[in-house]
Amino acid sequence: MEWLAIPEVMKEGLWFMSLTLKSGFSFDYDNLFGEGKVTEADLKEYEGALKEAHEAMKVMREKGFIKAHLSKDGEPEKVLFSQLPYVEEGHLNSPKSMAHLKELTDHVRNNVDAVVSLGIGGSYLGNKVLFDVYCGDFWNSMSDEERGGFPKIYFSGQNIDPRRTADLINCLKRSAGYVESHKKRKEKVLLLVISKSGGTLDTMSNFMVLYDALRNCGNIETEVVAVTDPNEEKPTLLKKLAMENGWPTYSVPDGVGGRFSIFCEVGLTLAACVGMDIQAFLDGAKDMDKACQNENLWENPAMLNAALKFVASKKYGRHIEVMMPYGDYLKSVSEWYIQLLAESLGKQVDRDGKEVLYGRTPLVAVGTTDMHSQTQQHQEGTLDKVVQFIKIGKWANDFTIPNVFPEAKKLADISGVKMGDALEVARQSNADALSSNHRFNACFTLPELTLYHLGELLYMLAMSVAYEGELANVDAFNQPGVEAYKRIMGPKLQALKAGK
Ligand code: PA5
């Protein structure tokens, strides 16, 4: 690994430390690196470890091997998420699997009225990101034409909440009444049931409640598509049901953990149901993977991000990472990142069995909303955070704030300004204020909110936790901690059923 000069770039007449890719994606780390922050000398201490981490990533890409990684059954397991951006013959995403996804697109378009995506954790969070960024809040209230003939989308299974499940059933029944009276046919609802293990309580209980409620409605036609482990010899419960009932299936392949599954058919089936440009999303991830093959720390976004955050935590006690994108539809990116960081790095023991109690704690925030709630803590509270901003360089359909009340000076003063520019001034002011009080922060910039740049961002974050796992010597690909409550919950549910 070469240790080249730290690059500085000129922005708006000032020198900044920033890593900018050809695509325009950038990582501005000026407020995280330098005098009084993580220093070059700090990073140099880990020069050997970074080199080893980079070599480990090469091996992971080539062989799917990660030192000491075992599945939850204690078996050696490959780690294959880095293969997913490459749509190639013999790969997990292949021309054949893309054609299979296109079948789903063709099936739902102008045919299915509503899709309910059922899943939790890794089988939900990435799908919500794709939906929010591509469709936005008001997708379901658009007309069929405005949605391009694609169905309405609902989510379920991400909790075991009877109130919301009842509301969803009533909502589907109401729209079935409308379809019946206006279109003189039954409403078509597709239940997209996503569970790698095929038996997750949260997902499957909602599935059964919905399935039962809908099949008893005379004016609703229900179909099911299952997304689960494809193994037919040892089928998951969901796979078995799919085989018995003739439901179409898509795969959550071996070697792809829930938190990386947005790039496989978990995320891509939802993408197919709304007509997303899947290739653009995967291309962004692929180009980011190539950038992350750079052995120069200052040119490899995932390695640099991991190194700075790791040292900020280890040496400066910045154990909390506040993921704070500026923009409503990016809040689910923060929520997706919570799982990625928490499950990957929150580990009691390292790969040699030594107790380390490692893990930076992730926190969801969104700008500007949380500047009016959390920022007080970020600015003056415990000195234990890195605030990671995400900024959109240029917004599509921006508004210039009009001068509607010229007599009100305060309002007249903000007129003529674009909303997107006002949002960035707010973010920049927050960053400057934090920096002025020794609060570490950094910013990822997406030139525009496109699927390509979203693919770049999410893949970089996934690769970054893989690097940090190496630096901290913890298995970033297991989650033994989530088994603890499950061992307690199983017998409790049995006792509940038995009326004890
Ligand atoms: O990352 C994980 O493994 C978990 O969050 C799972 O995604 C979550 O528990 C859902 O599991 P499954 O897809 O098996 O239903």
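Tutor: Gladly; this is a predicted model, and the term to settle is "buried", which here means under 20% relative accessible area.

Student: OK, so how many residues of β10 are buried?

Tutor: Six of the six residues of β10 are buried, so the strand is largely enclosed by the rest of the structure. The cover is on both faces, with I320, V322 and M324 buried on one side and E321, M323 and P325 buried on the other.

Student: And what is the strand order in the sheet?

Tutor: The sheet is open and has six strands in the order β3-β4-β15-β14-β10-β13, with mixed pairing. At its edges stand β3 (18-20) and β13 (361-364), each with a single partner strand, so one side of each has no neighbour in the sheet. From one strand to the next, the twist averages 15 degrees.

Student: In which sense does β10 pair with β13 and with β14?

Tutor: β10 pairs with β13 in the parallel sense over four bridges, and M323 has V364 of β13 as its bridge partner. The pairing of β10 with β14 is also parallel and runs over six bridges, with I320 opposite K385 in β14.

Student: What about β4 and β15, parallel or antiparallel?

Tutor: β4 (residues 26-28) and β15 (residues 440-448) run antiparallel and are joined by three bridges, and S26 has T445 of β15 as its bridge partner.

Student: Which strands does α14 touch?

Tutor: Helix α14 (residues 419-436) packs on the sheet and touches β10 (320-325), β14 (385-394) and β15, while its direction makes about 155 degrees with that of β14.

Student: Switching to helices, how do α4 and α8 pack?

Tutor: α4 (residues 125-134) and α8 (residues 265-273) pack at an angle of about 30 degrees with their axes 8 Å apart, and they are therefore roughly parallel to each other. The crossing of α4 past α8 is right-handed. On the α4 side the contact is made by N127, L130 and F131, and on the α8 side by V266, G267, L270 and A271. By class, that contact has five nonpolar, two polar and no charged residues.

Student: Last one: where is N478, and is it buried or exposed?

Tutor: N478 lies in the loop between α15 (451-472) and α16 (481-497), and its relative accessibility is 19%, so it counts as buried. Apart from neighbours within four places in sequence, N478 is in contact with H69, L70, R259, E343 and K347.

How values were computed: Residues numbered from 1 in each chain as written. Predicted model: local features only at pLDDT ≥ 70, side-chain atom pairs only at ≥ 80, totals over all residues. Heavy atoms only, no water. Axes fitted to C-alpha atoms, helices over the stretch in contact; angles between N-to-C directions. Helix = DSSP H or I, 4+ residues; strand = E, 2+ residues; numbered from the N terminus. Parallel < 35°, antiparallel > 145°, perpendicular 65-115°, else oblique. Left-handed = near helix turned anticlockwise from the far one by under 90°. Contact = heavy atoms within 4.5 Å. Nonpolar A, V, L, I, M, F, W, Y, C, P; charged D, E, K, R; others polar. Pairing = 2+ DSSP bridges. Buried < 20%, exposed > 50% of the residue type's maximum accessible area, 1.4 Å probe, protein only.
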